[in-house]
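Thanks, everyone. I'll keep this short. Let's look at the structure first.

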Amino acid sequence: MSPIPNPGPPDRAEFEALYQHHSREVWALAYARWMNADTAMDIAQETFLRLWREWEKGERILNPRAWLLRVARNLAEDYAKSAFRRNGTHPPQTMNGVQAHDLPPLEILEREEAFAHLRKELEQLPQADREILTLRYALDYNTGEIAGLLAIKESAVHMRLSRARQRLAGRLRDTNGDLRP
Amino acid sequence: MSVAVPPVQQTGRPSEDELDGLLRAFYRAELPYAWPPPRVLADRNAILPLRRALPRFPMLRTRLALAACVAFFVAGPLFLSSYFNRANTETATTTEPALIGNEKAERVQPGTAGYQLLQKDGRTWIKVGGNSPK
């Protein structure tokens, strides 16, 4: 999958098609790493920005999907070391006193509490478990699609998905958290 | 965006269906509600309309105007000088003929055929007409 020279300017239509087809997958991988939707979106956008720059340099990516997923994984790992994550763009106290436009209703608060508990348990799972759960439940991918994306066999997807669910259920049982809103 | 979260069994461990529903609701809530467009193209779209508004040769009109000004300043004096020279020549041939400095010119009497050299105010002027002097 070495890039080969691609004469001519980048193709916007092709780029948009790639973004349409694969941006959610890229987001899902980044999300599985950090369990943060905004961070995942930043990583996804950065991934596609790098693809565009590669094209601008005249490089053609033979397998854009695999390239995007690989770059997204690398960026997600690099994010842990980035100055942005360590320092942030603003000190935390900057956000003091900032409120949402509308106060969320009680239902949303309770749901968020339940989700926060689930998120905490998900963060304790191995990243491979989080990846497969994200692909299954965020993107509604079936085992065949997950197998294609992760380059593993469908039987392996079944096994990893089952184990991930068991581990998560076990953690939820152990913590005995009230997940009901 | 309301998301229905299924209840969890009182035993503490959610059933498979409940876990499915819980995970699905959780991840759906995490997905961005409106999927944003690629930033790299969005940024470029903010610039492209300005580029499209520019003409193909943005300096063409300015350069044409400059060239016209230069041409005017160069050709104007030439035209004016040639115009006034011609006007002076025409005036001289009709009212004040050019002074002949040719000493070999033959003086003839008025009324004689050929060149007629006319004496006017002590100066010699030529008036063309008739046959050449013999």
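One definition before we start. A nonpolar core here is a set of buried Ala, Val, Leu, Ile, Met, Phe, Trp, Tyr and Cys residues, joined through C-beta atoms within 7 Å. And keep in mind that this is a predicted model.

So, the core. The largest one has 45 residues. Which of them touch the most other members? They are Val26(A), Trp27(A), Leu29(A), Ala30(A), Ala44(A) and Ala72(A). Several elements of chain A give two or more residues: H1, H2, H3 (64–79), H5 (106–123), H6, H7 (143–150) and H8 (154–175). The largest share comes from H1(A), with nine residues. As a general point, nonpolar side chains tend to be buried together in soluble globular proteins.

Take Ala30(A). Leaving out residues up to four places away in sequence, Ala30(A) touches Thr39(A), Ala40(A), Ile43(A), Ala44(A), Ala72(A) and Ala76(A).

Now the packing of H1(A) on H3(A). Their axes are 9 Å apart, at an angle of about 30 degrees. Angles under 35 degrees count as roughly parallel, so H1(A) and H3(A) are roughly parallel to each other. Their crossing is right-handed. On the H1(A) side, the residues in contact include Leu18(A), Val26(A), Leu29(A) and Trp34(A). On the H3(A) side, they include Pro64(A), Leu68(A), Ala72(A) and Tyr79(A). By class, this contact has 11 nonpolar, one polar and four charged residues.

Next, H6(A), residues 127–137. Is this helix enclosed or open? Nine of its 11 residues are buried, so H6(A) is largely enclosed by the rest of the structure. Among the buried ones are Ile132(A), Leu133(A) and Leu135(A), but also Asp129(A), Arg130(A), Glu131(A) and Arg136(A).

Then a loop residue. Asn36(A) lies between helix H1 (12–34) and helix H2 (37–56) of chain A. Why does Asn36(A) count as partly exposed? Because Asn36(A) has 16 C-beta neighbours inside 10 Å, and buried would take 20 or more.

Last, chain B. Chain B has four helices and two strands. The order from the N terminus is α-α-α-α-β-β. Of its 134 residues, 8% are buried. Among contacts in chain B with a separation of 6 or more, 24% join residues 24 or more positions apart.

That's it from me. Over to you.

Methods. Residues are numbered from 1 along each chain as its sequence is written. Chains are lettered from A and ligands numbered from 1 in the order in which they are written. This is a predicted model: local features need pLDDT of at least 70, side-chain atom pairs count only at pLDDT 80 or more; totals for chains, interfaces and linings use all residues. A residue is buried if 20 or more other C-beta atoms lie within 10 Å of its own, exposed if 12 or fewer, and partly exposed in between; C-beta atoms are placed from the backbone. Two residues are in contact if their C-beta atoms, placed from the backbone, lie within 7 Å. Axes are lines fitted to C-alpha atoms, for helices over the stretch in contact, and angles run from 0 to 180 degrees between N-to-C directions. Angles under 35 degrees count as roughly parallel, over 145 as roughly antiparallel, 65 to 115 as roughly perpendicular and the rest as oblique. A crossing is left-handed if the near helix is turned anticlockwise from the far one by less than a right angle, and right-handed if clockwise. Ala, Val, Leu, Ile, Met, Phe, Trp, Tyr, Cys and Pro count as nonpolar, Asp, Glu, Lys and Arg as charged, and the others, Gly among them, as polar.
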